[in-house]
Structures are given as structure tokens and as C-alpha cells.
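Trainee: Could you take me closely through one part of this model, the place where two of its copies meet?

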There are 4 protein chains.
Amino acid sequence: MQRAHVHSFSMAHPADVSALAAALAARRIDPRAIVGVIVKTEGNGLDNDWTRVMAFDALVRLLADHGVEASPQRMSIIVSGGCEGVTTPHMVVFECRDSPDAGAAGRRALAIGHAISEPMLPEQVGTMDHVASTRRAVERAMAQASLAPDEVEYVQVKAPWLSEVHQQAAQSRGVRLKTADAHASKPSTRAACALGVALALGEVEPARAVDAAINADPSLFTRRAAVTAGNDTLQNEVLVFGMSARWSGTARVAHACLDDLLDVGAIHDALRRVGLPVAGAQLASTQQQQVRAVLFKGDPARAGLLRGERQLMWHDSDVHALRHLRAVMSGVIGAATGTTRVFVSAGAEHQGPAGGGTFAVFADGSPGD
Amino acid sequence: MQRAHVHSFSMAHPADVSALAAALAARRIDPRAIVGVIVKTEGNGLDNDWTRVMAFDALVRLLADHGVEASPQRMSIIVSGGCEGVTTPHMVVFECRDSPDAGAAGRRALAIGHAISEPMLPEQVGTMDHVASTRRAVERAMAQASLAPDEVEYVQVKAPWLSEVHQQAAQSRGVRLKTADAHASKPSTRAACALGVALALGEVEPARAVDAAINADPSLFTRRAAVTAGNDTLQNEVLVFGMSARWSGTARVAHACLDDLLDVGAIHDALRRVGLPVAGAQLASTQQQQVRAVLFKGDPARAGLLRGERQLMWHDSDVHALRHLRAVMSGVIGAATGTTRVFVSAGAEHQGPAGGGTFAVFADGSPGD
Amino acid sequence: MQRAHVHSFSMAHPADVSALAAALAARRIDPRAIVGVIVKTEGNGLDNDWTRVMAFDALVRLLADHGVEASPQRMSIIVSGGCEGVTTPHMVVFECRDSPDAGAAGRRALAIGHAISEPMLPEQVGTMDHVASTRRAVERAMAQASLAPDEVEYVQVKAPWLSEVHQQAAQSRGVRLKTADAHASKPSTRAACALGVALALGEVEPARAVDAAINADPSLFTRRAAVTAGNDTLQNEVLVFGMSARWSGTARVAHACLDDLLDVGAIHDALRRVGLPVAGAQLASTQQQQVRAVLFKGDPARAGLLRGERQLMWHDSDVHALRHLRAVMSGVIGAATGTTRVFVSAGAEHQGPAGGGTFAVFADGSPGD
Amino acid sequence: MQRAHVHSFSMAHPADVSALAAALAARRIDPRAIVGVIVKTEGNGLDNDWTRVMAFDALVRLLADHGVEASPQRMSIIVSGGCEGVTTPHMVVFECRDSPDAGAAGRRALAIGHAISEPMLPEQVGTMDHVASTRRAVERAMAQASLAPDEVEYVQVKAPWLSEVHQQAAQSRGVRLKTADAHASKPSTRAACALGVALALGEVEPARAVDAAINADPSLFTRRAAVTAGNDTLQNEVLVFGMSARWSGTARVAHACLDDLLDVGAIHDALRRVGLPVAGAQLASTQQQQVRAVLFKGDPARAGLLRGERQLMWHDSDVHALRHLRAVMSGVIGAATGTTRVFVSAGAEHQGPAGGGTFAVFADGSPGD
């Protein structure tokens, strides 16, 4: 049987991998067992956020020092900037180990699958080919973890984007891309990936997932995925998280789909399903100690309204809407969970309903890091 | 008997007083009964936020059109900018009317007292004279509303600041002020006012409230007040809110003191005390309709830690710490209450413990505006 | 004969019209002779800049107090925000008076024409109809001022934009607009106006000014115009400035077209042509006193290069590119002229070459305000 | 004889040392001859600018790869962020080689001296001890380069600052520091260094350089230095640049002292003195090719006025004053020189007059990099 572990480490600066280094040195983590790392760094989370590069490079160097090449084939490293509000810079490390433990009969535990798609051509990014490619990768990751679609709680995708290199390569081949510049490719690549997940999980009717709907029809969405754009290779990296009786251990995961940014009821539901029911206003401190990771993906409503009330996020020309979003969600999620290690990310095309988003919580009853 | 009413209106732009104008035109509000207006506008809430001026001027003009001079003697108009996160620009209007209603025996209702201090000299601002002046004004406002100190739930103070005019006047008189420039006078004027409230409410031992403690000893604080600096006259305007059996009506108020920015338990307590217990994760929609106003005053912890975790707010040179704070608290308070008409303000010297803040909620079971 | 006067007033705050008020009170300016006011206010110059509204409303109120309705038929009031860098908030007032002075034979003076186009339909905005409408308005303004195209130095256009009201009106009529939202209409409305000016001045071959070229072909541009979007009525307001022997007085104007943001040679040329040759590094102080207004319109090069060197303006997610642009051009123009009353505005579609811009300087040898 | 070389390389990203790497690989630069590197990176140039760390680390690694430890004893590496306006990220490398060339009689060339002070105690930072320590280091650097005080054109100092480590060390020793926190130590450390330079160069009367004047008396200033805070060791690193007949080669340097931010006349003077007189509005392109480095150090005037006109830089709560400053000076200096590789830095205590600053230009007639 396999057993999944989720570790969380806070970071004192963008390249701070010292806590992970200590865990590796103490053999609390096996570098060869790492299948994913999700990092929230302290930059602006926008175009010119170099803290992402610092964290990524530091991780790759640390793993190389431990004899592990951090290739996408082996693991997904997802680094996202923006610690607005009360967010603490931190990283979450996902580990899958072989376990002598047979598991308790009928008891389910966190299961993790990892897969990477075949390389795409630049002109496929953001198209139905891309949707299909992501779908197949999710299906492979589910198969790897022996997870059925309805056992999947959350899918994290690292999507390719059309960086300058790919833009120029396509131009030299005389090929027309779906988006004209690197930055503009992010929404459509995220959209295609999210629809791919939704198809793999059976959340969207295949007949409706057509080219014209990509990043255009907000009624199509997955309730259980987050997509981050930023892969320089034209591949889709997929981490699938579910609950399975075929995995052992004490780690757990549950997701929620928020109808809007204040849908804290959905967050409480996920906490309850992961074994951490909120008795009063917030998780008790003993419960908080079991929380290993909290992920949220969402966007401010484009229409500028929340429950009918005017919102200013998209109209603040000095502070980007997504910086507002990350700050406010650190408050909403922090209110429920009591933790500030909250991974909030924006760019939620087909991920949750418009103006809402998707949420996942990982917990473990055993002593953590 | 007197009866207090609390009205809330959203604003479509910084000078939008149309909803209040409609209420005045329909005689739902008596302009002569208004004792306070608290406005949250959509600017940056910092030095160069002109939306405050727009709102203030629009209010003064509207009231003048209805034959009422909006003098500090008659009412306090407190305008604060910063609708970060999910905050909706809005205004809260406090009205005190004579009521034929005798009140139900033993039933308490919202009571409001308003007072303004004698003018101070510039050199008194931020000193123990200032503390004493504010204390006397709070005592007068309590007396006016027939409120005992322990019946007071919240005090809102509009503090004077040493604008350029006062700086120059003092200089020409050869007088040395406690702070060297206009902007720097805000923390010390807020601090002096907050200590004045704390003394009036019996929250701080008089022997400890000495000159050296003003804006220096964070262990001294009121749990029931918010101070906003911005009064161009050298007076302290005070609004005292309490619950009294000597007032009639259905309006209610309750306060909370937050230990830190994620102390949502304190918020739930205040909601319960105002008659709106949170059954699940958030107020039910019928409860939300009773909420008339939500006020919060607090600051990010100077030490840059929240529950031991690193915070970035004070280290973001592109987005001011107070903009982060307002965004995150719109999320924390919105999570509990479900409303986006949240008045969050920073600059909380001696108002709540360091890194925490004070909170008040106003509710009314009768149909609102 | 007519005589033009150009007045410049600095502003102590966004609604500060006190200097103009004093000039009106002292009858140094005839309110009925005002044909244009160009204002630079201290907001962020972007979406949520309310200082523009404050200045506009204050001007309209002041003129109303002097019995003049500030209608677009009578005058163009152009308010633009953004005093980045060393820019001083200020306003420029253009006045055309009847003059008993016959003018010196052959001596040319500043001539000003003002015209407003017929109202357009929302669906015409940004189309060739819009181009033609602007062209006709420029021609009428030239005729009014008895200016031939080659006598025109600069044209300032206040372009309509498709605000929410027009968006909704069009939608209810089932009409498809050229741009999907209010904000996105600004580039295309500016582009259409600029091409209209270019045609009126004979700067662009009519055969090349086709619908597909609007905001798409940067090789088509006027060297002598600036367009500001923001007119809520669907009309094009035009101010034409030229040098004419048919006008009297001492006021002068000259334009320049900058090849890139550091093309200070073009600025020196314009200064020389307006009678203020730069002897050393900068205008001498006696020359500086003759400068009445300095206008610049330009954009950072989209390609992110200036003279082959990498530029960061478009890649700074915390400070908008146009705020960078205004700051840097206050330095470039201030270096040459020595003045900080510089009106820098961005959004220069078809106004100067890509990465460059257009410039105008107004001077007057007589004692100014 | 020694010969100084100045190299300039643009950077494609904050850790881009590829151009220097190529020069080292091609042996155009001798790594053992490098005495200073000055880098301008593309971050915000404020508290949370990590691009400085990226550049510094990349440089240190590159030099280590070439067998050179980048210790302060060997070289000063000064990295400053903020490419506002038209500034291009770039680095300047200073090299001192032994030269067989005897030099032309009487012909002066760029001379460079480098020195580092003895370590200070934390409590000395910002005091007269610090002033004296810097003075001695400057004197040693001058001696090393055989430069007399009046031959010195510019001094670049890398000053220590009281980072957290030093703050805590001092606290544990029970020692009181001159400033209470790390960030606040920067102005006083810069001030002490600048006064030290001024004394070494004979620019300030020793009797006036007293403790109470440090960062307090703006009438005391050097016209020929820039100080950057950021040295983690408590030492003062000094680079002295002068023109000397005892050095050979074609490299040259000249300084200027600007009276205010628009004092472009001073810049033209320095250009003329370095052999690049501005004939028209800007250096001709053949002259531009000789420019190797342009440095400016200055601050916006605290009083908020430039030539009597209101300035907004200090009143913009969304964009830091120093970001405005760097943008505007990239324009002023770019206007004169035509280059965008401009190193603008703020924090100019006792460096040039208040509201002005100091400037240096390096040129070389020989073919550059």
C-alpha cells in the first residue's frame, strides 16, 4: 500500500528552503518520495514577481543536493506569489511512500496521483486538443492512484503558457497561436486545463465542451480543481488528490466549491468532511494543528458585484484586483481555519462558478512538522 | 423617551448622497434628528485620498438644502476612505428622535449621546490635557444619553489633527507642538483621545494614564472605542453608543474586542449579544437584513507576526499596510456577517490590544432602508 | 481682429480654482471669452481618479457664478489626472477676445478655433464615421479661426467614450458596439479622432485611412494633435491652435513630434519656433517666464524597448505604465523648459509615431498671470 | 602605471550576468582586476525588493566560478533597485589593471581607489565615530590611487546598516543604538558616511561636523559623493574616482552637483568636463557611445516645492516618492545624455544640497563592450 504525507513549512524569505532542508537532513522526508511542492511566496504575484524564481531555483538546488532531479516527470513544483493580507509565505510538500501498513478496513486515506501530458504544439494551447490532453493526464493520474472520479477531491494542474520562446518558435513556423502574446496566453491555457479536468471528473457534459466555450462559457466549470499557468514546457502537469481505502495513513483531504467570496459555509463543510468540524466560530487550536494545507482558487466577480453590493477591486488602478482578492480571502479562510498558511491564487477560468472558486483542505491527525 | 435609528445606504460614487436624499425627501429621516454620519469611501484611505472631501462636501450641501447646518455642534460626520477587498462604499446615518413610545419595561434599546469638547490649543494636542478634554466630552455624551459607563458599548471619536494651518499658527506664536508635522500628529491625537475614552469608561487606571504613556504603552487600551483623526477644528467630537432601558425602539448595539485579526470568536460574541447568534458559519440571510452597521478599528501587529506566523503587510512597499489590513478585515468580518458594508479603519493606538482591535455591530429588527 | 490669450494657474488642491476666480474677479479674464480649459490634476490619472471630477465640477460652478454655462458648445474643458514626477497641478485657460489692435503687418500670432461635432450614435464610435465626424469638426474649427491646414500647429480633441449609459442604450437597441466595455472604448475613440485630425491636416493619405487601420496601423499618425477621451456626450470637441497673420497679440504656439521619449531635440525645435531658443541646457529664466503651457501626448513603446534598451514600464504590475510615462516626461520636458507645469497625457493612438508622441508649447512675451 | 576600465552591461533579468560572463570568458575582463560593480536592478527599490539579492548572488557565484571571492576587501558590489521611467537594468564594472603604458605627459586619466574601514561597533553607526571611520577609509582609498582631494571627482560609499542581527546583538549587550530599527538606520548611516567623505575632501569645515549635525543640518554636504546603505558587515566600503596624470588610459570621470532636480545645466557641465560637450539638445550618438556610466544621487525636496511649484511626490500614498524620483531623473538625465543606462538612487543625506543631488559620468573614447 501507499501512504501520503503532507508537510507544511513557513519561509523566512523567498529562497528559504531551510525547514525542508532540515526535514531532509533528519530523514523525516524522503526526497525520492516527493511528488509535489506548492509554494506561496511574498512577491506581488503578478507579472514582475521574481520571488517565484527565487523559490523555484532554491528548491531545485536543494533537491539536487539530495540527489533528486526536480523534473516535471518526477514532481510538480508550483510556485505562486502574493502573500497579501495575513498570508504567511510557506510551502506544502506532498510525499508518497510505500507503506508496510495494510490500512484499516474501510478506512479511507489521502491518495495522490501524479501525471504529465505528452508535449503539445504551441498552436494547441488553449484549444480542444489542450482540453483532451489535460483530460488524459488527469485520467492517468487517477489510474496511478487507483482513484475513481467520484473519489477525487481536488486536482491541481500546472499548465503550460506561451512564453516568448514559444511565441517566436510558432511565428518562425508560420503558425497562428490562439493568443497574441505571452501574458494573454494564461487565461486560455488555464481555461483549457480546467475543462479537461471537468471532463475527466464527469462534471461537464462532453457535448458542451467545445472550442467556442473555452474561456467564454462560465456555466461550465469544475468544482474540484485549480490550475496555475507557468509551465515553460508545453506539457500539463497534474496532481490528483482523493480519499481512498486503497491508501493507508492518517492524511485526509476534502474540497469545497464556493458560490461567492463570502461563502464560508462551503469552507466549513469541507472542514467537517476532512474531520475538523467547526464547533464555534473557528477551528479549535487542537484542530488547527491538524491542518496541513489550505488551497483556494477564485476571482473577483467581473461584474463588480458581490451579493448585489458594489465591489471596487477591478476599479482600483493602483492595487491590482488579484492582490485585493488574495488579501480578502486570507481573511475569509483565516476566519474559519485560524491559520495564515493559506494558498490563495487567482485566475479561475472554469474553476468554480463566476465570482466564486474552489477550495481544498488537507489534514493529518498525526504529529506534523 | 428618545429612540435611535440607524440607517445604511450604499454609494455609487464618492459624492453619492442620493439614497440619503431620497430618504430625506420621503421624510423617512428627519434631518434635524441626525447626530452622526459615518462614511466609507472608495479612495486609498491614505494621505492623498480626495474621495473623503467629495463625500463630506456632498453631505454638507445636501443637509444645507434641507435647512440643516452640518456643524460639529449638531452632528459628527466621520468620513474614512479605503474600500479594499470586498468592502462596499456606504454611509451609516444615526438619528435620535423623540418617541411617544414609553418602551417595554426592562427592555433595553440603542441609546446615543453626542458631545463636542471645548476648543484646545495646538500645543495641547496629544498631551494629558487632550486626554482630559476627551474624557470630559465622553462624560457629557454619556450624561446626555443617560448612560452609565458599563452601559456603553462603543464610542466613536472624531479627533482634531494639527493641519498646516495649526502648525503655522503655533509656530508664529513660538509654541512647540508635540509633533513636527501635520501627518505625524494623527497617531498622537488618536492616542490621547483613546486614553480619554478609556478613563471615562473606567477601563484604565488613572494613575497609569500619564504623558509618557501616550502612544507609548500598548498595555493601556479601551476595548470599546474607535478614534478617527481629521477634525480641522481643535475639538473632540464624541458619539457614545450604549444599550439603555431609558431609550425605546428596536435598534441595538454590541461591541467586541479582538485579540488579533483572526479573532472571529469575538465577532460572533458581539453578534450574539446584539441578538444575532451565528448558527452555522455565517449569519442567516434574515439575520443579515437586521444588520445596520459594522465597525472595526485595528492595526496589523507592528512585530510582523500573527499567531507566531510571519506577516508581510508592513514590508510591502507598493501596497500600504493599512490597505492590506482593510482588505483582510473585510474578509474576516464578511465571513461572519455576510455583509460587505463593513467600516474598517486603521490607526488604533490604545484601541484594543496591539495587533487586535475593537468592533461594533448595530442591528434593528424593524424593516430598514 | 481677434486676439488669443493663454493663462496658466497652479492649483493647491484638485478643486482649487481660486487663481482663476481671482483673475475673473479682477476682470483680467472675460468668462465669455474662454474657449478652452486644460487641467492637470493630482490623482492617479487612471480608472478611479476622482480628482478629475472635482476639478471639472469646481470649474463649472465657478463659471456659472460668473454667468457662463460651461457647455461643450461654448468651450472645451479637458481634465486629465496624473502629476507624477515633478509635475505641478495646474490649469491652462484659453481666451479669444475681439481686439481693436490691427496687428503688425505680416506678424503672426496665436489663433484658436473651437468646434463641436454633431452627436454620433454609439455604434459609430471608433469607426470611419467617427473619423469623418472629427475631420469635419477640425475643418470647421480651422475655418472659424481662418487657419489653413499648414498654419495649424496643434489640435486638441476631447473625444466621446462609450460609458455605461451608452453601452446599455446600445444594448437595448440591439446594436453591436465596436468595443465591449466602457474602458475599452477609449483607445478606439482616441484612434478615430486622431485619424480624423490627420485627414483634416493632410497628414495621412485618405486611401489608407480605412476601418481596418483604426488603432491597428501605427504608421498612420498625426504629428500635431492630442486626443483625450472622456466626453460623456457622443460628440467630438475640437480646439485648433495655429499661427496666423489674421490674429493679433503676442501669444504664440509651436508643436513638435517626438520620435521617442528622449527626443529632446524635437522639443528644442519647438521652443525655437515659438521664439524661445535654448542657448545652453535649458531655457533661461526670462524665457521660462514666457512659457504659458506645455503639452505632451505619448505612450511607452509597446515592444518594451527605447533605443534598443530594455524598458520596464509595461512590466511593473504595481505602478501603471502610464504613471511611469508621465513621471519620466515631466523630467524630459522639465529639463528643456525648466518648468513643472507640464501637461503630460498618455493614450496616443495615431498621435505621433509608436513610442514617441506630440508636443506643443504656448508662449507669450507680455506679462502673464 | 595603473589603468582603469569601465564596462557597462545591460541585464535581461535580475540575475542576468551573462554579458559579464561572456566578457570574462573572452578575457576582455580580468576577474582579479575588478574593484567595484554597481548594479541597477528592476525591483521596486524599496523594502521588499528581492531583485537586489538575485543580482548580488548571481555576481558572487559568477566570480567564484572564475576563482575570485567577491569579498568587500577585494571589491565593492553595490546593488540598488528601481528601474522606474526609462531606466534599463544594467551593471557597471570597474577594473584596475597594471598597464605597460607610461601615459602621455600631463594627460590625466580615470584613477580608482578602493578601501574598506575597520569594523565598527553597532553603537557607533550614525555617530561621529562613524564619520571619522569613513573619512579615514576615503583617505586610504585616495592614497591607494595617489589622488589628492581636489583630484577626486566622485566617491561611492557602501555603508553598513543595522540589520536585525546587529540590533539584537546590541540589545543583548545592553547597548543603546542611535536608531531603533533596521530600516530607520539607513538615513543616519548614509548621513555619517557622507559627512566623512565631505571631511576627507575638505568640503565641510571640521568644526561644523558635530554629532548634532548628522542628518540634521542640510547646509553641510559633499558635492562629490553618493552613499548606499546595505552592508551587512559593520564596515564602510569606499570607491574613490578621480582624474590623475599618474594613471594611464582613455577612461575619464567628471562630477556635477545639482541644485535641484531640473538642474540639467550642471549635468551639461559634467559632460563637457568629461570631454563630451553637448552641442545641441543632447549628446550626439557618437558621444553617447563613449558614455560608460551615469550615476545620480538625490532626493525630492522635503518641503514639496521645486522652483516654487507644488510637488506631489511625497504625497502619493500609492507610489513611493523615491519611485517618482527615479522615474523623473531617468528623464532629466536621459534628455541630456540620450542613454537609459542611468543609475539613479535616492537617500541623499548630506549628498548635494536639499532637493538637489550629486552626479557623475564616466566616459571612454576607446571601443567599449
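Mentor: What follows is a look at the contact between chain C and chain B. This is a predicted model, in which local features need pLDDT of at least 70 and side-chain atom pairs count only at pLDDT 80 or more, while totals for chains, interfaces and linings use all residues. Residues are numbered from 1 along each chain as its sequence is written, chains are lettered from A and ligands numbered from 1 in the order in which they are written, and side-chain values use heavy atoms, with hydrogens and water left out.

The same surface serves both copies, since 100% of the contact residues of chain C (contact being heavy atoms within 4.5 Å) recur in chain B.

Each side's share of the contact is 9 residues from chain C and 9 residues from chain B. Between them the two chains bury about 770 Å², 71% of it on carbon and sulfur atoms, where buried area is the accessible area (1.4 Å probe) that two parts lose on being put together, summed over both. On the side of chain C, Trp50(C), Met54(C) and Asp318(C) lose the most area to chain B, together 62% of what that side buries.
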